[in-house]
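Have the model open as you read.

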Amino acid sequence: MDCFKAYDIRGKVPEQLDEALAERIGRAYAVALSPRRVAVGYDIRLSSGMISTALRHGLCVMGVDVVDIGLCGTEEVYHATFSQGLDGGIMITASHNPAEWNGMKFVAQGARPLYVGNGLERVRELALQNRFIDAPKYGRIEARDLRDQYVAYLLGMINVEELRPLRIAVNAGNGCAGPVLDQLEKRLPFQFCKIQHEPDGTFPNGVPNPLLPENRKATADLVREQGCDFGVAWDGDFDRCFLYDETGEFVEGYYLVGLLAQLMLGRNPGANIVHDPRLVWNTINTVQHCGGRPVRSKTGHSFIKQAMRDVDAVYGGEMSAHHYFRDFGYCDSGMLPWLFIAELLSGSKLSLSALLDESREKFPVSGEINRAVPDAEQVMDMIGRHYATEATALDHLDGLSMEFPLWRFNLRSSNTESLLRLNVESRGDVRLMRQKTDELLGMVDSFA
């Protein structure tokens, strides 16, 4: 059962996840949630079809009806769940893990996330026990193509008539985003310059994870070569999107949170905006300047979504490129952020880099740096004690965050990998930010 993680399921196929376990997971989900109708979708991985077949059988043998939406992105399962009034949804994907991996993401009614502490541990327990009694009646499988409805829903959230004919570089990474872009292209005035566009579960250009610096060059080069207004790249199940400005420079997700918060507050004056605690100064400054209220939440989609529901936030953003919208069922979307940015650029005489320049200058950042350490808690404790007398603020909402007059940092353990993650920012001082980043990494590396 090693494939069960804090938020989802991920494991190598067939060593950690096979058809037999997928069927048991379907049965366990049915018992744990008692749903009547559940959406099931899957990504382009070569094992996704057989995992989906086994999962659907596990649901149906317990009497659950399945709405099979086929090959799709994770947010299409979210949309199907909340828009069709279903009792839950399961997406078969391993996101940005290697091609031989697969997994599942779960939601309950209203597209509320299922995670450890909110029901996922119950699914694991039931699947482990494997003591099920078949329902008297086998559930029905209904194949439905909901993509037109999903695309229409996306377009209903932006002002299509105000869009300019922008030239946009798009890199689907051979994941699931390509077919959705083709549908959007028919209804938008944009010219898409496409690379790695066709879905291909062998990932001929490598696993799509634009967060890795080595994976950014192809999109950056395309932006420059084609003279695009901006560029977008997605991960495999496209619940995250990554932007590049018109010079081909990668846009840190942190700055995009501020830009989207500004746009959403223009439509919803005084609204609450939820953000993660890794990098915060630019977001807080932008939200307050625009008359909104910044609300800090622990990192992770389950925490962000719950915090948004608690305060009725219009938008939530993580620097890791997850962006959540109240009007999209409080769910994260990899399509809405770039559509909103295209709308913002259409109504502005400024380029994307010009819109970001002030934030980049005011709050330079290190970018997230990962280190493998034997004992993350020991490292954080050591660093916390080292800076204790200098810090003006300290919190443990998510790992260790410490603030000083001109700089701050967050150090936290990954929820999904055996890594320690570091983020550093300063108030307008790039040299100080780099100096403190090196200083902290030196201490972390001494324990590696």
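Which strand gives the most to the lining of the second largest cavity? Before we get there, a word on ground rules: this is a predicted model, so local features need pLDDT of at least 70, side-chain atom pairs count only at pLDDT 80 or more, and totals for chains, interfaces and linings use all residues. Residues are numbered from 1 along each chain as its sequence is written, and side-chain values use heavy atoms, with hydrogens and water left out.

The answer is strand β3 (residues 65-71), with three residues. Strands here are DSSP runs of E with at least two residues, helices are runs of H or I with at least four, and both are numbered from the N terminus. A cavity is a set of points on a 1 Å grid over the protein atoms alone where a 1.4 Å probe fits but cannot get out, and lining residues have an atom within 4 Å of a point. Volume is the space filled by probe spheres set on the points, with grid points joined across faces, edges and corners. This second largest cavity has about 30 Å³, and R37, D65, V66, V67, R140 and E142 line it. By class that is two nonpolar, no polar and four charged residues; Ala, Val, Leu, Ile, Met, Phe, Trp, Tyr, Cys and Pro count as nonpolar, Asp, Glu, Lys and Arg as charged, and the others, Gly among them, as polar.

The largest cavity, at about 50 Å³, has a lining of seven nonpolar, one polar and one charged residue. F250 is one of the lining residues, and the charged end of R216 sits over its ring, 3.6 Å from the centre. To count as sitting over a ring, NZ of Lys or CZ of Arg must be within 6 Å of the ring centre and within 35 degrees of the ring normal.

β10 turns up again next to helix α7 (residues 217-226). The buried residues of α7 are T219, A220, D221, L222 and V223, where buried means under 20% relative accessible area, exposed over 50% and partly exposed in between (1.4 Å probe, protein chains only). They pack against β7 (167-171), β8 (191-195), β9 (230-234) and β10, with contact meaning heavy atoms within 4.5 Å. Just after the helix, G227 takes a positive phi of about 60°.

Now for the rings. The structure holds 20 aromatic pairs: rings of Phe, Tyr and Trp (its six-membered ring) pair if their centres lie within 6.5 Å, and planes under 30 degrees apart count as stacked, over 60 as edge-to-face and the rest as tilted. Y7 and F303 have ring centres 6.4 Å apart and planes at 80°, so they are edge-to-face. Y7 lies in the segment before β1 (9-12) and F303 in helix α10 (residues 301-311), so this pair ties together parts 296 residues apart in sequence. Y7 counts as buried at 13% relative accessibility, while F303 is partly exposed at 30%.

F82 and F328 are edge-to-face too, 5.4 Å centre to centre with 85° between the planes. F82 is in helix α3 (residues 74-83) and F328 in the loop between β14 (323-325) and β15 (331-332), 246 residues apart. F328 is buried, with a relative accessible area of 0%.

How values were computed. On a 1 Å grid over the protein atoms alone, a cavity is a set of points where a 1.4 Å probe fits but cannot get out, and a pocket is an open set with protein on both sides within 12 Å along at least five of seven lines; lining residues have an atom within 4 Å of a point.
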